[in-house]
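Please keep the sequence and the structure in view while reading the numbered points.

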Amino acid sequence: MATVTYSKATRIYPGTERPAVDHLDLEIGDGEFLVLVGPSGCGKSTSLRMLAGLEDVDDGSIHIDDRDVTHLPPKSRDIAMVFQNYALYPHMTVYENMAFALKLRKTSKADIDKRVKEAAALLQLEDYLNRKPKALSGGQRQRVAMGRAIVRKPQVFLMDEPLSNLDAKLRVQTRTQIAALQANLGITTVYVTHDQVEAMTMGHRVAVMLDGVLQQVDTPRALYDQPSNVFVAGFMGSPAMNIKTVPVTEGGALFADMTVPLSREQVAAAQADGGDGKVTVGFRPEDCDMVSPTEGGMPVVVELVEDLGSDANVYGHAALNGTNERFVVRTDRRHMPNMGDTIFVKPRPDRHHVFHAVTGNRI
Amino acid sequence: MRHGKYPFIVGFLAAPVAIYVTFVIAPYAQAFYVAMTSWRGVDANPSFVGLQNFERLLQDDVFWTALRHHGVLLLAMPLITIVLALFFAFMLNVGGGGRGGAMTGVWGSKFYRVVFFFPQILAVVIVAVIFGRVYAPDESGLLNATLGAVGLEPLLFMADPGIALWCVIAVLVWQAVGFYVVLFSAGMASIPKDIYEAATIDGANRVNMFFRVTLPLLWDTLQVAWVYLGIAAFDAFALVWVLSVDRGGPDRATTVLGVEIYRNAFEYSQFGYASAMGVALFFLTITFAALTLRVSRRETIEL
């Protein structure tokens, strides 16, 4: 049971100018499941490895509870980690893999046995305790890696893309198992993934990173509904939000013939800091309707219709300021247009997001 | 492909097999035959004497001395070489600890890696000549000059029957270690880094890491090294011939079977007896290799 605090933690790899993790400030509550998400190279794994002690912290500090662990070796931090490739010891059986850390701590034989058996029961690994990792399937190996972390009863779990080597179906299944397990054990968990669906479904809170800089930390819902900048808006959600930079007038943002209404404060904010008469507006594919030509929608020529079974994604383009801009609309299957049709798209009132055209921050 | 399959295979195999039979199998067979004659190297029809040469061998003190030396070589040389090579390879690859994430070697490890390999590219005879100077019994020798400089009495080294064999072993180890450092380094490099990281997080220090992670995962490489070194321990001919006093001396204190075979064949012209020694050496080597592979057999580890 512990909290984790990053205070201005920075990592600069030798020989590079730009920090891989730049002044990361992040507080993770006791028992919280925090997901670090971002595109590859954004510093999410580095942040996790800094907490694990596998990477140096060049500046700032990291605390677990009130203990400064910034320069402690990994074994003194009381953490356990699940690796992307599981990193099981190939020469040990499942039992020995799980018992290894306890054995190194000189835990008594009986205690080791009890804890390994408990973890094995929890993860349905009892039948495989005497097998070597090579005789296990991917999902079983993943569970052994989890078990190795669980038997330690650490203060913090670290997981570095633990599901990315599983097939799609198993991934969804294991996703819920991990979330349930974490809720059960109540151990503070930091989970790294590049998959925003995993982030949305598993995390109590989600931290979005880009280029080593933390963009936003919030609950999945708030992140989705109130993205703090253009990057978060575009990263969370699939298909991605339609985000366009368009001219701004007194009445709102101009999308060809359609005006998306903005409040006076928003217009004023868009003009400040060198906004240059432009504003960035985004609306999610599910937050717009197809309307009849007379209702003031934006004409979009359909290029592709993705029928997902439950609903459909319509991809198309519209002429905005002389260039063709692409749009995605999620629609009911009963109103699926055909390729080449022109549809009229209108964002639902007050479901659009407004960002500054230059800084990208939410207005 | 069914028809004409055998001519095809035979076409490829004929030449290599013929060469192999002529230059490897036939000499072996002839050696077995010669071992049972009293051939002196010149007469066209040597007289067949059966196992008489082998009976004589069992009575021969020199043979047993040489055998005992092989025993010492077999125990000491692979052991010292492997322990040293493992230690160096570990230091070069993971000994630097987990600074900055990846496990790295100690400072300057790339340089050491090259330096360790130097002895390997020298011919044995050159090594023997060099160490002849290093071990020189007077102040002109590197070691005795050093001993003299710190005020110690000079040692005889190769001329002292008590330590001469160990001087030979030291040279053998010195020359072999570089190759095994490279061999073990390659083995260690194939162990995934995240296994080391997992072990670090599990609380393994360097000693634990070495004995519980690196060593078990290197087992296959180690086994190969042991067989190579063991077979090398049955040889040592060239080094002893050039380096030792009186070719295997003083008073046969460093002699090995190869030296005695050569001496019997080409100095005493007892080809039959020398061949009998050769046959004995053949069986010793093959028994050793088979035993080692059998005893150390373990489940292959898949990384």
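**Notes on helix packing, a sheet and the chain contact**

1. H2(A) passes H3(A) in a right-handed crossing. A crossing is called right-handed if the near helix is turned clockwise from the far one by less than a right angle, and left-handed if anticlockwise. Helices (H or I, at least four residues) and strands (E, at least two) are DSSP runs, numbered from the N terminus.

2. This is a predicted model, in which local features need pLDDT of at least 70, side-chain atom pairs count only at pLDDT 80 or more, and totals for chains, interfaces and linings use all residues. Residues are numbered from 1 along each chain as its sequence is written, while chains are lettered from A and ligands numbered from 1 in the order in which they are written. The model scores ipTM 0.82 and pTM 0.78. For chain B the mean pLDDT (the predictor's confidence in each residue, from 0 to 100) is 82, and 93% of its residues reach 70 or more.

3. H2(A) and helix H3 (residues 109–122) of chain A pack with their axes 10 Å apart, at an angle of about 135°. H2(A) is therefore oblique to H3(A). Axes are lines fitted to C-alpha atoms, for helices over the stretch in contact, and angles run from 0 to 180 degrees between N-to-C directions. Angles under 35 degrees count as roughly parallel, over 145 as roughly antiparallel, 65 to 115 as roughly perpendicular and the rest as oblique.

4. In chain B, the axes of helix H2 (residues 52–59) and helix H13 (residues 271–295) come within 9 Å and cross at roughly 75°. H2(B) and H13(B) are therefore roughly perpendicular to each other.

5. Two strands pair if DSSP finds at least two bridges between them. Strand E14 (residues 278–283) of chain A is joined to E20(A) by 4 bridges, and Gly282(A) stands opposite His353(A) in E20(A).
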